[in-house]
Amino acid sequence: RKADVECRMLVLGAGPGGYTAAFRAADLGLDTVLVERYDSLGGVCLNVGCIPSKALLHAAAVVDEAAHAKDFGIDFGKPKIALDALRGYKEKVVGQLTKGLAGMARQRKVRVVAGTGRFISANELEVEGGGKIQLVRFEQCIIAAGSQAVKLPFFPWDDERVMDSTDALELADVPKKLLVVGGGIIGLEMATVYRALGSEVTVVEFMDQLMPGADKDLVKPLADRLKKQGVAVHLKTRVVEAKAQKSGIACKFEGDSEPETKTFDRVLVAVGRAPNGGKLDAQKAGVEVTERGFIPVDRQMRTSAPHIFAIGDLVGQPMLAHKATHEGKLAAEVAAGEKKEWVARVIPSVAYTDPEIAWVGVTENEAKEKGLKVGVGKFPWAASGRAIGIGRTEGFTKLLFDEATQRVIGAGIVGPHAGDLIAEVALAIEMGCEVADIGHTIHPHPTLSESVAMAAEVYDGTITDLY
Ligand code: FAD
């Protein structure tokens, strides 16, 4: 059969992993085709993930800041929220970025083929879309088909009041009573948005703390603030039954602390994401896929078929955009003949809640489990002039370092802008810095970034306050 499209490099999926890989491959001179089933490039992250959620979180932060201003004598009154305009703002942000990507693909002569792809052999992919099936023949391939939300089967998914994160980002309305199932990053970010817009929010989490991947002390300032804001959080509790009724979605709970409210106007199910590896007929191309749908890769992102690479959410945790982009770049470079491998020491995690929570490298929990001898430098933001000035003293910065070598091996930060602040520690760990290197680096005053240096100095016992 004659191929409709032939190329040296095929990239399947145009999320952060896929578009980065395709652009890099094209820049390195490989004739590249990018296959995508959505109408726009950018994948989950740009269309229904990182970007729209952060646009809405910005709106939530403005509502909260305006309310906070009352404390220092400025009263903006009760916010009036025009939902159509807010939705429009979010869509404008997304559109600007996805259109930018389409332009960058054109500039590089990356050919975009629209439709859903499935492998039919080691060098062929069938793409179904727009009422036709096209055959793409490739020499090398990078699979970047990402992940999708896990849908707990006992929820009535045909009822529009039951939402996954994509539905919640649509912002159809502001429900009076919202149940968020799952107290991880995505669930809590959406809880933050809807609470600021006026919903009465209940969160249930199966584990014994919110954001189970992070240290407990980091999560506490967020849990305290949520409580003050009237968000009901129920730990060690889960939903075991959900029924669509006229009055709302009626839920049955099991666990330590059952919510008083049992019927909700909307329910967001945010219990994790599952890889799309099992839906591509990848085995027909000789690519091994695990039972759960992950595609195993080596340190060069090569799958079990040497000419096929895989990157991003479908190769494993953490499912984060900045991991996908790095892997995408690496896979393209290796495919083009560069001798490289994946050697990232750490990948930062950030929850863009209020306060933000960010962590990188070894957590205190992990250090304890592994029996590592770690030193901990912890700087409370109550001693930072800048934090006091913005009325946010609940935060803190902590650094973890190996006691024997003094090298920084981890950090956790909670407070506004924690996500921006953590990048410095990621660099420190990558560079093999000792804790004193951070302490001896002059940080600008008065900034929240000083808290990182102070966490290093606190350990030395030299400075305690930063007014
Ligand atoms: P994806 O972005 O999932 O892209 C995969 C693409 O492949 C999709 O466009 C899909 O349509 C396409 N595709 C799949 N199968 C086929 C097929 N058979 N044929 C054709 N096309 C196909 N990460 C962060 O780092 N920071 C954040 O703040 C953040 N916020 C998030 C908020 C939400 C609500 C969600 C859901 C996720 C968030 N993430 C965040 C995670 C982030 O979106 C993902 O880690 C990232 O998008 C993964 O990139 P990827 O390239 O692996 O795959």
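**Close-up 1. The hairpin of strand 4 and strand 5 in the predicted model.** Strand 4 (116–121) pairs with strand 5 (residues 124–129) in the antiparallel sense, over five bridges. Two residues lie between strand 4 and strand 5 in this hairpin. Ser121 has Glu124 of strand 5 as its bridge partner. Strand 4 also gives two or more residues to the shell around the ligand, the topic of the next view.

**Close-up 2. The shell around the ligand.** The ligand is surrounded by 35 residues, and the closest are Gly13, Gly15, Gly43, Gly146 and Gly312. Elements that each give two or more residues to this shell are helix 1 (16–27), strand 2 (32–36), helix 2 (43–48), helix 3 (50–68), strand 4 (116–121) and helix 8 (321–335). Sorted by class, the shell around the ligand has 17 nonpolar residues, 15 polar residues and three charged residues.

**Close-up 3. The crossing of helix 1 and helix 8.** Helix 1 and helix 8 have axes that come within 7 Å and cross at roughly 30°. Angles under 35 degrees count as roughly parallel, and helix 1 and helix 8 are therefore roughly parallel to each other. The crossing of helix 1 past helix 8 is right-handed. On the helix 1 side, the contact is made by Pro16, Gly17, Gly18, Thr20, Ala21, Arg24 and Ala25. On the helix 8 side, the residues are Ala321, Ala324, Thr325, Glu327, Gly328, Lys329, Ala331, Ala332, Glu333 and Ala335. By class, the residues of this contact between helix 1 and helix 8 are eight nonpolar, five polar and four charged.

Close-up 4. Val180 has Val203 in strand 10 as its bridge partner.

**Close-up 5. Strand 12, strand 13 and strand 14, with antiparallel pairing.** Eight bridges join strand 12 (residues 237–245) to strand 13 (residues 248–255) in the antiparallel sense. Strand 12 and strand 13 form a hairpin, and two residues lie between them. Ala242 stands opposite Cys251 of strand 13. Strand 13 is also joined by two bridges to strand 14 (residues 263–264), and these two strands run antiparallel. Here Ala250 has Thr263 of strand 14 opposite it.

Close-up 6. Strand 19 (residues 357–361) pairs with strand 22 (residues 408–414) over five bridges in the antiparallel sense. Ile357 stands opposite Val414 in strand 22.

Note on methods. Residues numbered from 1 in each chain as written. Predicted model: local features only at pLDDT ≥ 70, side-chain atom pairs only at ≥ 80, totals over all residues. Near = placed C-beta within 6 Å. Helix = DSSP H or I, 4+ residues; strand = E, 2+ residues; numbered from the N terminus. Nonpolar A, V, L, I, M, F, W, Y, C, P; charged D, E, K, R; others polar. Pairing = 2+ DSSP bridges. Axes fitted to C-alpha atoms, helices over the stretch in contact; angles between N-to-C directions. Parallel < 35°, antiparallel > 145°, perpendicular 65-115°, else oblique. Left-handed = near helix turned anticlockwise from the far one by under 90°. Contact = placed C-beta atoms within 7 Å.
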